[in-house]
Amino acid sequence: MAEIVVLPQQGNSVEEVVLLDWKVAVGDSIAEGDVLCEVETDKATMEVESTASGTLLAQLADAGDEVPVKTAIAVVGEAGEDISGLDLGGADGGARTGSAAATSDATAGPAAPSPAEAPSTAAPAQAVGTTGPTGDHAVSPRARLRAAERGIDPTAVTGTGPGGRVIERDVLAAAANTTASARTAAAGGVDTGTGVGGRVTSADLAASTGRPAPTSGPGDVAPAAATEVREEIPVSGVRRVIADRMAASLRETAQLTLHASADARAVRGLRARFKASGEGFGLAGVNLNDMVMYAVVKTLADFPELNAHFLGDTIRRFRGVDIGFAVDTPRGLLVPTVRAAHGLSLAALSGRIKELAGRAVDGKAGQEDLAPATFTVTNLGAFGIERFTPVLNPPQVAILGVGGIELKAVETADGGVEHVPHMGLSLTIDHQAVDGAPGARFLQALSANIASFDLLLAR
Amino acid sequence: MPKSQIVDPKAVRTAQQLEIAPIPVNQYTPDIKAEKKTYGADTLTRVYYDMATIREFENMLNSIKMTGEWEGMEYTHGGPAHLSIGQESAAVGLALNLSIEDFFFGSHRSHGEILAKCYSAIAKLDESALQQTMEQYLGGDTLRVVEGDGTPKSVRDLAEDFVLYGTLAEIFARKSGFNRGLGGSMHAFFAPFGSMPNNAIVGGSADIATGSALFKRINRKPGIVVANIGDASSGCGPVWEAMMVAAMEQYQTLWDASVGGAPPIMFNFFNNFYGMGGQTAGETMGFRVLARMGAGVNPENMHAERVDGYNPLAVAEAVARKKQLLEEGRGPVLMDTITYRVSGHSPSDASSYRSKEEIEMWKDADAIASYRAYLLENKVTTKGDLEAMDERIREKLKKAMRLATDLSISPRMDGEEIAGYMFSGEKVEAFDDREPEVLMPLEDNPRVQQLAKKERFGIDASGKKVSKVKAFALRDGLFEAMIHRFYKDPTMVAYGEENRDWGGAFAVYRGLTEALPYHRLFNSSISEGAIVGSGVGYALSGGRAVVELMYNDFMGRAGDEIFNQMAKWQSMSAGVLKMPLVVRVSVGSKYGAQHSQDWSSITAHIPGLKVYFPSTPYDAKGMLNLALAGTDPVVFFESQRIYDIGEYFHEGGVPEGYYEIPEGQPDVKRAGSDVTIVTIGATLYRAIDAADTLQETYGMSAEVIDARFINPLDIEPIVESVKKTGRLVLASDAVERSSFLYSIAGTVGRVAFDYLDAPPVVVGSRNWITPAVELEDAFFPQAEWILDAIHEQIVPLPGHTVTTVQTNGELLKRYRGGV
């Protein structure tokens with residue numbers, strides 16, 4: 001009679017562990033007390049011992065998987081034994097989805113259970129492995145291709161193919177997930193939408209309002225003894241998405257940040273005049289950030305290499321500019337996009353920015369608002385930040401950080417020194433796609449356009 | 001089984017004795033007066049010249065093989081050289097009274113026959129015809145090597161050089177050889193002089209020659225056909241099959257008398273008393289005298305006769321008599337032409353199976369020395385003349401050897417060029433200009449009239465399938481293609497088992513009996529080897545043949561003819577021959593292990609065959625039209641399971657007019673986006689069922705592609721589909737192990753590797769015997785198997801319950817177990 005080996009509780013606060021490595025292969029014999037596998041908690045690496053003797057009939061998780069404690073992790077019994085009838089969900093807390101129904105490869109005859117009989121039917125179920133694992137993080141060639149196109153690490157994706165193989169749909173789901181998450185990061189932790197390809201729709205956002213923050217799970221666990229820890233916040237939901245995206249961005253792109261500053265007198269002067277122009281002109285609301293974005297859009301027309309996506313095998317340059325801009329909202333960072341910004345006047349651009357930002361702040365940003373951009377601007381100038389290193393939003397190849405205005409000592413024509421207000425500009429580029437010199441030339445051109453913004457407007 | 005002939009129990013049960021007529025043995029008596037009168041001194045002398053030429057040619061090759069040198073010229077010949085030293089007189093005697101319309105088909109030991117037949121033709125043709133033939137052959141490539149050095153004193157002289165060099169260059173695999181070096185010693189031939197293919201398979205020429213004789217008879221072409229085969233080939237089934245086909249009584253009883261009777265075929269056994277080392281008389285056969293075999297074939301004993309092959313004039317005299325019989329339609333003829341191979345079977349033969357004394361006795365009786373003495377004794381020529389001939393022969397052979405061994409003069413083909421000779425790929429509307437012989441206008445044909453009432457698309461306006469009685473079926477598509485070509489090409493014939501009257505075992509030919517005279521559509525003996533082999537001979541002689549194997553399983557009986565003959569002769573002849581032969585092969589079911597196999601994968605493995613396997617009426621008609629318009633050999637598979645199926649895919653149904661399916665193009669029977677299912681044969685319909693379930697139950701869209709062709713096959717459309725779907729399942733009724741589907745799977749896996757979301761999965765029949773019909777569902781791929789394979793290997797189908805084990809472990813286990 002086959003026995004189920006349950007992953008023991010690993011310390012009070014641990015709910016999940018990461019399975020590092022199986023020490024016993026399916027089909028090998030194992031004695032009670034033998035080390036079955038190695039797992040890692042947030043604090044330590046531990047060995048899991050078998051609680052049964054016999055032949056290892058099934059491994060119910062793959063290396064790299066997160067496995068909840070107190071769930072079935074392995075089945076030990078007699079070689080060739082049919083374990084399709086085992087209730088693997090019987091252990092505390094329910095079994096991991098999926099490979100729970102695994103049976104030995106050698107099982108002859110139509111004995112494989114349907115996923116419907118498996119303990120979890122969550123779709124897409126990882127279920128039904130009458131086929132054994134195809135190896136650590138087996139990834140289909142097609143999935144690899146798609147992953148490369150979308151800048152995703154396929155080995156970090158959960159596979160739903162036979163034996164847990166990562167197949168195309170897993171990568172597409174992860175891509176949709178990641179994109180949607182980035183767009184809706186602070187909007188309540190919605191990271192899988194109900195729209196096409198898993199896109200987050202506004203309905204998803206609305207539904208997420210009031211969703212309880214992720215907690216530490218069932219069975220209130222006593223706080224850890226260490227007094228210096230004020231609190232432990234599980235990295236999940238929005239935080240998880242941000243963490244993954246930012247880390248992936250830094251891991252998978254070659255980021256180089258260039259700093260410069262632009263003479264801000266022209267934009268400041270115009271800003272003063274706009275403000276004073278009254279409602280009739282419709283320009284009173286145009287602010288410095290709008291003007292910088294306008295200058296960026298116009299400058300990009302001459303620098304197609306920066307208005308592009310890096311897709312691994314190809315670099316996709318765009319004719320028009322969809323310009324994204326970071327908005328700090330009560331829910332966190334959002335990046336709405338002004339579509340077809342290259343066709344807009346300054347006033348129209350400013351109007352769109354206000355409209356999108358407003359909706360983002362109000363939590364009403366829709367899928368359209370959050371469409372992928374071709375170039376992003378982020379502005380921390382209002383916080384007195386002079387320069388910073390913006391993090392790229394792949395597959396975009398560049399992001400402009402706008403700093404505050406500082407006085408800069410400038411040598412005058414007669415050799416004297418003049419203090420001229422300058423605006424800090426920080427351009428992060430993906431050196432995989434764009435070299436330093438073109439990045440610098442863009443920044444130089446942008447600075448010149450900002451310095452002569454009144455002339456730029458006339459173009 | 002014609003109704004016009006009654007099998008009367010009273011008659012067949014009557015007691016009686018069979019009387020076997022006497023069979024003549026060595027009845028020729030030399031008579032120099034009569035011989036001089038018949039042939040004249042010049043021809044009698046030329047007989048010596050021809051024999052001595054062959055002897056010297058073979059001695060030369062023997063020296064090259066044994067010592068690597070001849071007349072100061074060094075050469076290493078790695079290939080075969082089966083020499084006929086001792087047998088020259090039989091070959092020359094045989095050719096003496098034959099014209100260029102008379103054909104020789106030969107064996108692996110046929111250098112002598114090539115030279116004898118060609119020299120005989122040279123003596124008979126006028127110089128302008130000779131010159132023209134040489135200039136046109138292979139674009140003059142052979143001629144250019146031998147002409148122009150000033151040594152030939154006449155066109156005939158040049159023609160001799162041409163034949164010696166063309167044959168030798170062929171033996172040495174040179175591009176200017178008679179078959180561009182692609183045939184070699186055992187297959188060399190020169191068709192324009194009536195020297196037809198020589199065959200490295202023992203007895204292989206028997207049924208091919210019979211088909212060539214059928215071609216001559218049916219198309220009323222002049223000349224007889226001689227199958228030169230060895231005494232040991234009398235142990236080969238296809239030789240007997242050929243004799244049975246050649247001796248069918250229907251030529252006399254049922255065929256229109258104007259056709260002229262039986263095919264003019266002579267089975268000439270060059271009886272050298274050995275099959276390699278086995279003695280046919282006394283050891284490996286029981287006939288004692290080979291000519292006795294004729295008594296087992298027909299009341300005429302096949303006009304069998306033993307002839308003394310050591311006297312060329314005895315052979316020539318017999319041939320003259322037999323030729324007349326054959327021209328009168330009274331064949332077949334069997335000749336037991338005794339001779340002796342003084343040389344070994346091959347250079348590796350140490351003659352351990354025969355005594356030195358025996359060889360010495362035959363050397364003492366040497367035909368050439370005896371004939372030389374006979375000529376001198378009877379003052380037909382002088383010693384001086386004969387010595388001058390000997391010298392001339394030697395000089396000619398030195399020239400041939402020098403030219404054929406010089407790589408700068410006689411280069412070999414670049415290996416890559418061979419691909420260009422595998423298929424002829426031509427379109428021929430008709431192989432002759434004459435009006436096709438038919439019995440009624442096409443529109444009066446009862447089947448044609450019946451088909452006019454059928455629904456040519458199998459789905460009616462309401463989306464329901466038309467009943468089988470009303471639907472224009474796959475077998476109807478085949479019929480329309482057949483009758484179309486029958487009314488276009490006068491040379492087209494069809495035969496096999498139950499082809500006439502019955503309409504074919506599966507009613508494909510119903511309606512053809514009414515349309516065609518016997519000599520264009522007939523029943524053959526149950527002789528699968530000879531059915532295909534004669535088809536090969538018919539086709540390479542210039543006619544279009546469609547032969548039928550009632551069950552795929554019977555291909556085993558025609559293995560040599562399919563694999564070695566129909567597949568090889570276009571390329572072995574370097575394109576000199578065409579092979580417009582279609583072998584219709586019916587794939588069965590319900591009838592167990594020897595009547596329900598799909599061997600399309602086996603044919604796929606044989607280079608030189610085209611292999612088609614349609615599975616819809618539209619494709620069946622269009623693909624048979626294609627096969628019947630081409631010049632290449634096609635193995636045309638049909639599945640018995642779907643002869644009655646209507647057309648469900650091609651919009652507008654099966655066109656009434658003529659059309660061809662583009663060769664090698666797979667067809668998307670159903671478009672889809674999530675998984676590609678490729679099928680060959682009737683499994684298409686099970687794949688469609690699987691696709692329906694995928695769509696309805698799992699929301700998965702399957703693209704179903706019918707490969708239709710096995711060779712040639714354009715795999716690119718399949719690759720494109722897989723690039724789209726990322727997933728590939730392949731299914732057919734062929735057993736899984738070594739299925740051709742793996743060739744497609746492997747190719748797609750290689751070409752579209754980065755696009756694959758899962759390994760391509762082959763679903764074939766089990767590696768078992770085909771069981772009884774009640775157990776067939778466990779053997780042939782079912783729709784469920786396809787779903788299970790997708791579920792286990794490609795993408796789990798939520799909620800799917802498998803009924804078969806499609807796991808990798810199971811696959812490996814089956815391979816380990818050999819099942």
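The dialogue below goes through some features of a predicted model.

User: How are residues, chains and confidence handled here?
Analyst: Residues are numbered from 1 along each chain as its sequence is written, and chains are lettered from A and ligands numbered from 1 in the order in which they are written. The model is predicted: local features need pLDDT of at least 70 and side-chain atom pairs count only at pLDDT 80 or more, while totals for chains, interfaces and linings use all residues.

User: Which domains is chain B divided into?
Analyst: Domain bounds come from an automatic or database domain assignment. Chain B has domain 1 (32-410), domain 2 (442-642) and domain 3 (667-817). Over C-alpha atoms, the centres of domain 1 and domain 2 of chain B are 36 Å apart.

User: How many residues does each of domain 1 and domain 2 of chain B give to their contact?
Analyst: Two residues are in contact if their C-beta atoms, placed from the backbone, lie within 7 Å. Domain 1 of chain B gives 31 residues and domain 2 of chain B gives 30 residues. On the side of domain 1 of chain B that touches domain 2 of chain B, the largest share, 10 residues, comes from H8(B). Helices are DSSP runs (H or I, at least four residues), as are strands (E, at least two), numbered from the N terminus.

User: Is Asp433(B) buried or exposed?
Analyst: A residue is buried if 20 or more other C-beta atoms lie within 10 Å of its own, exposed if 12 or fewer, and partly exposed in between, with C-beta atoms placed from the backbone. Asp433(B) is exposed, because 6 other C-beta atoms are within 10 Å. Asp433(B) sits in the loop between helix H14 (383-405) and helix H15 (446-451) of chain B. The C-alpha atoms of Asp433(B) and Lys488(B) are separated by 9.6 Å, with the two residues 55 apart along the chain.

User: What is the strand order of the open sheet in chain A?
Analyst: Strands of a sheet pair through backbone hydrogen bonds, either parallel or antiparallel. Two strands pair if DSSP finds at least two bridges between them. The open sheet of 6 strands in chain A runs S9-S18-S17-S16-S12-S15, with mixed pairing.

User: Why is one side of S9 and of S15 of chain A left without a neighbour in the sheet?
Analyst: Strand S9 (255-263) and strand S15 (337-338) of chain A are at the edges, each with a single partner strand, so one side of each has no neighbour in the sheet. S15(A) pairs with strand S12 (residues 323-325) of chain A in the antiparallel sense over 2 bridges. Thr337(A) in S15(A) is the bridge partner of Gly324(A).
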